[in-house]
Amino acid sequence: IEGPTTRYTAVPIEEFCDNKIRKLNEAKHELIRIIPRKKEDIEGYITIKGQDHILDKMRNMISDAKERIYISASRQVIEKFYKEINDTVKRKLKVVLITDESINIDGVMVYLIEKSEHQIRLIIDSNHVLTGDIDAGEHSTCLYSKKKNLIDLLKDSLKNEIKLIEIMKGKE
């Protein structure tokens with residue numbers, strides 16, 4: 001405010017937030033423009049540490065899926081991805097959940113089984129896997145890979161788990 005001395009006034013919170021978001025978007029576009037292009041993913045094994053990093057990787061894997069998603073995790077973990085799962089269903093992708101409590105999401109196949117509360121397994125499009133646990137906050141670890149042998153191993157494991165669930169359901 002002009003006058004004999006400089007005085008300051010607070011900017012309305014909405015304007016302040018809009019300014020910050022605009023600047024972040026400008027920085028994002030500039031980084032995308034100048035950053036070196038990503039090399040092809042190495043088909044090795046990558047350890048992801050920390051619950052937040054693991055959840056971010058899962059979110060990105062689910063959002064980037066092109067054909068199908070298999071998630072084996074507790075309901076507590078799956079609930080964190082409702083938005084991404086619903087978006088995937090809207091894109092007409094196959095979604096299969098193996099979990100410990102009933103979940104009602106239209107267009108999703110759900111199999112119920114007793115699960116370790118923090119163990120996760122995720123297969124995307126039969127070419128990406130993530131497996132591990134997220135029970136220890138920053139000490140949580142998961143293994144991510146595009147290695148065919150690990151993908152096949154986890155696919156067989158999930159198929160067998162689904163068959164076992166169906167057999168047990170038939171005996172009830």
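Reader: With which residues is serine 140 in contact, once its neighbours within four places in sequence are left aside?

Author: In this predicted model, serine 140 sits in the loop between strand 6 and strand 7. Its relative accessible area is 0%, and because buried means under 20%, serine 140 counts as buried. Leaving aside the neighbours within four places in sequence, the residues in contact with serine 140 are Ile48, Lys49, Gly50, Gln51, Ile54, Asp133, Ile134 and Asp135.

Reader: In strand 7, which residue is the bridge partner of threonine 47, and which is the bridge partner of threonine 131?

Author: Strand 7, residues 141–145, runs antiparallel to strand 1, residues 45–49, and five bridges join the two. Strand 6 is likewise antiparallel to strand 7, and five bridges join this pair. For threonine 47 the bridge partner in strand 7 is leucine 143, and for threonine 131 the partner in strand 7 is also leucine 143.

Reader: Is serine 126 buried, partly exposed or exposed, and what is its phi?

Author: Serine 126 is found in the loop between strand 5 and strand 6. With a relative accessible area of 25%, serine 126 is partly exposed. Most residues other than glycine have a negative phi. Serine 126, although not a glycine, has a positive phi of about 55°.

Reader: Which residues of helix 4 are buried, and which exposed residues lie on the face turned away from them?

Author: Helix 4 spans residues 82–90, and its buried residues are Glu84, Ile85, Thr88 and Val89. Seen down the helix axis, these buried residues fall within an arc of 140°, so they line one face of helix 4. The face turned away from that buried side carries the exposed residues Lys83 and Lys90.

Reader: Against which elements do the buried residues of helix 4 pack?

Author: The residues concerned, Glu84, Ile85, Thr88 and Val89, are the buried ones of helix 4, and they line one face because they fall within an arc of 140° when seen down the axis. The elements against which they pack are helix 2, strand 2, helix 3 (75–78), strand 3 (94–99) and strand 4 (108–112).

Reader: Is lysine 92 buried or exposed, and what is its phi?

Author: Lysine 92 follows helix 4 and has its place in the loop between that helix and strand 3. Its relative accessibility is 76%, and because exposed means over 50%, lysine 92 counts as exposed. Its phi is positive although the residue is not glycine, with a value near 65°.

Reader: Which helix gives the largest share of the lining of the largest pocket, and how many nonpolar, polar and charged residues does the lining have?

Author: About 190 Å³ of space lies in the largest pocket, and its lining includes Lys57, Asn60, Met61 and Asp64, as well as Asp125, His128 and Tyr144. Four residues of the lining, the largest share, come from helix 2, residues 51–64. By class, the lining has four nonpolar, three polar and five charged residues.

Reader: Is histidine 53 buried or exposed, and what distance separates its C-alpha atom from that of lysine 146?

Author: Histidine 53 is found in helix 2. Its relative accessible area is 52%, and because the cut-off for exposed is over 50%, histidine 53 counts as exposed. Histidine 53 and lysine 146 are 93 residues apart along the chain, and their C-alpha atoms are separated by 18 Å.

How values were computed. Residues are numbered from 1 along each chain as its sequence is written. This is a predicted model: local features need pLDDT of at least 70, side-chain atom pairs count only at pLDDT 80 or more; totals for chains, interfaces and linings use all residues. Side-chain values use heavy atoms; hydrogens and water are left out. On a 1 Å grid over the protein atoms alone, a cavity is a set of points where a 1.4 Å probe fits but cannot get out, and a pocket is an open set with protein on both sides within 12 Å along at least five of seven lines; lining residues have an atom within 4 Å of a point. Grid points are joined across faces, edges and corners, and a volume is the space filled by probe spheres set on the points. Ala, Val, Leu, Ile, Met, Phe, Trp, Tyr, Cys and Pro count as nonpolar, Asp, Glu, Lys and Arg as charged, and the others, Gly among them, as polar. Buried means under 20% relative accessible area, exposed over 50%, partly exposed in between (1.4 Å probe, protein chains only). The arc is that of the directions from the helix axis to the C-beta atoms. Contact means heavy atoms within 4.5 Å. Two strands pair if DSSP finds at least two bridges between them.
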